[in-house]
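Trainee: Could we go through this model one element at a time? I would like to start with the terms and then turn to the sheets and helices.

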Amino acid sequence: MAEKKPTVLVIDDEEAMRDSCSLILARGGYAPVTAENGEVGLEKIRELKPEIALIDLKMPGISGFEVLEKTKDIDPQLIPIVITGYATVDSAVEAMKKGAYDFLPKPFAPEELRLIISRALERRRLAMEAETLRREKKLMEDNFITMVTHQLRSPLVAIQQYFEVILAGLAGQVDKTQQEMILRARERLDNLLGLINDWLDLARIDRGQIVDKLKPVALDNLLKKQVEFLAPLAKEYEVSLELKPAKGPVLGDEQMLDQAFSNIITNAIKYNKPKGSVTISMHHENSFIVVKVEDTGIGIAREHLPFIFDQFYRVSRREDQKIKGTGLGLSIAKKIVEAHNGSIEVESEPGQGSTFSVRLPRSEDETK
Ligand code: ATP
Ligand code: MG
């Protein structure tokens with residue numbers, strides 16, 4: 001089967017120009033189509049989906065620039081090339097800025113036209129190849145996430161449930177040694193599941209799966225619940241936990257924001273000192289709400305600060321070695337906040353404490 005000839009659309013008000021281009025293109029092995037003005041041109045782009053469009057910049061009716069702009073919406077894969085009667089640098093530059101692949105000053109030799117067309121086709125081929133690869137990669141990532149969820153996570157959850165059943169004595173008498181072993185096994189399992197869940201969250205955030213479901217979220221309520229939820233942990237670390245709330249609806253995904261703040265507040269408790277404190281405050285700043293999580297803990301040395309938001313980064317110091325963690329908490333928090341068009345900052349003084357500031361865009365809906 002012969003390969004389909006690439007279609008090249010010539011949009012020019014001059015009949016002589018259309019005819020000569022058509023002739024050159026047909027001889028070069030292309031399928032030429034013509035349009036006598038911008039409107040007809042756009043119509044033909046819609047209908048025929050040509051690979052390339054040659055667009056005269058100066059035409060009566062809608063101008064070549066307008067045609068150029070509109071082609072992007074109709075067919076982003078189309079490669080537009082402009083023809084300039086008056087070969088001014090300005091108009092050519094303007095056209096390139098508006099998305100033209102190249103420009104052809106009048107008058108041009110047949111060879112010039114064919115060369116520019118073959119280059120444009122090559123570029124289109126590469127762009128389409130890249131697009132196919134991108135799609136394949138996305139599909140693979142999707143499958144990978146599903147694989148991790150089902151093949152890895154599900155059996156672990158099942159094992160966890162069996163342990164619960166055994167520990168509850170529902171499978172018969174469990175002696176002390178057995179119970180200790182199962183408790184240890186369960187702890188290792190919990191850590192592994194935590195890691196897998198973190199990793200899944202990161203993968204979801206990376207793929208922009210949270211941004212499309214943003215709703216007004218009452219941050220003060222969310223933080224209140226966090227403080228209640230983390231009170232036992234604070235007690236264990238002998239740290240006081242205080243919230244100074246302000247009315248704050250932000251546009252967000254409640255579950256994700258919950259996780260981001262949980263990670264930051266948990267750190268403030270874990271990397272604290274006995275009798276220390278954690279203070280969470282909120283204030284408005286222009287169109288943002290800023291949440292500050294301030295602790296009186298061990299602090300972070302200046303040389304570590306640039307890295308603490310990196311995946312798996314943990315500050316290695318004596319105090320930290322006792323505290324369990326994978327180094328994912330802050331990287332997840334940062335990704336979540338950034339996916340909300342917000343930002344996160346840290347100030348810290350070793351031995352004195354740290355303050356994490358989270359800035360999130362406010363929601364218009366003030367009723368929340
Ligand atoms: P996890 O994944 O369980 O949260 P983690 O707490 O080690 O593990 P991150 O929350 O990402 O990981 O924090 C990275 C590192 O930054 C921590 O290991 C700790 O050394 C340091 N860090 C984070 N928050 C604080 C804080 N409030 N005070 C002092 N050091 C901190
Ligand atoms: Mg942490």
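Mentor: One definition comes before the helix pairs: axes are lines fitted to C-alpha atoms, for helices over the stretch in contact, and angles run from 0 to 180 degrees between N-to-C directions. Keep in mind that this is a predicted model.

Trainee: Which residue in β3 stands opposite Val-10?

Mentor: Strands β1 (residues 7-11) and β3 (residues 52-56) pair in the parallel sense, over four bridges. The residue of β3 opposite Val-10 is Leu-54.

Trainee: Which residues make up the covered face of β5?

Mentor: Strand β5 covers residues 102-105 and pairs in the parallel sense with β4 (residues 79-84) over four bridges; in that pairing Ile-81 stands opposite Asp-102. In a regular strand the side chains alternate between the two faces of the sheet. On β5 the uncovered face holds Phe-103 and Pro-105, while the covered one holds Asp-102 and Leu-104.

Trainee: How are α2 and α3 oriented to each other, roughly parallel or roughly antiparallel?

Mentor: Helix α2 (residues 38-48) packs on helix α3 (residues 64-74) with the axes 10 Å apart and an angle of about 20 degrees. Angles under 35 degrees count as roughly parallel. Therefore α2 and α3 are roughly parallel.

Trainee: How many residues of the contact of α2 with α3 are nonpolar?

Mentor: The crossing of α2 and α3 is right-handed. From α2 the contact takes Gly-38, Leu-42, Ile-45 and Arg-46, and from α3 it takes Val-67, Lys-70, Thr-71 and Ile-74. By class, two are polar, two are charged and the nonpolar ones number four.

Trainee: Which strands are the edge strands of the sheet with mixed pairing?

Mentor: That open sheet has five strands in the order β7-β9-β10-β12-β11. Its twist averages 15 degrees from one strand to the next. The strands that pair on one side only are β7 (240-244) and β11 (343-349).

Trainee: What angle does the direction of α7 make with that of β7?

Mentor: Helix α7 (residues 219-236) packs on the sheet, and the strands it touches are β7, β9 (277-285), β10 and β12. Its direction and that of β7 make an angle of about 175 degrees.

Trainee: Are α7 and α8 oblique or roughly parallel to each other?

Mentor: α7 packs against helix α8 (residues 254-270) with the axes 10 Å apart, at about 40 degrees. The crossing is right-handed. Angles under 35 degrees would count as roughly parallel. The pair α7 and α8 is therefore oblique.

Trainee: How many charged residues are in the contact of α7 with α8?

Mentor: Residues of α7 in this contact include Leu-222, Lys-225 and Leu-230, and those of α8 include Glu-254, Asp-258 and Phe-261. The contact has ten nonpolar residues and three polar ones, and the charged residues number three.

How values were computed. Residues numbered from 1 in each chain as written. Chains lettered and ligands numbered in written order. Predicted model: local features only at pLDDT ≥ 70, side-chain atom pairs only at ≥ 80, totals over all residues. Heavy atoms only, no water. Pairing = 2+ DSSP bridges. Helix = DSSP H or I, 4+ residues; strand = E, 2+ residues; numbered from the N terminus. Contact = heavy atoms within 4.5 Å. Parallel < 35°, antiparallel > 145°, perpendicular 65-115°, else oblique. Left-handed = near helix turned anticlockwise from the far one by under 90°. Nonpolar A, V, L, I, M, F, W, Y, C, P; charged D, E, K, R; others polar. Buried < 20%, exposed > 50% of the residue type's maximum accessible area, 1.4 Å probe, protein only.
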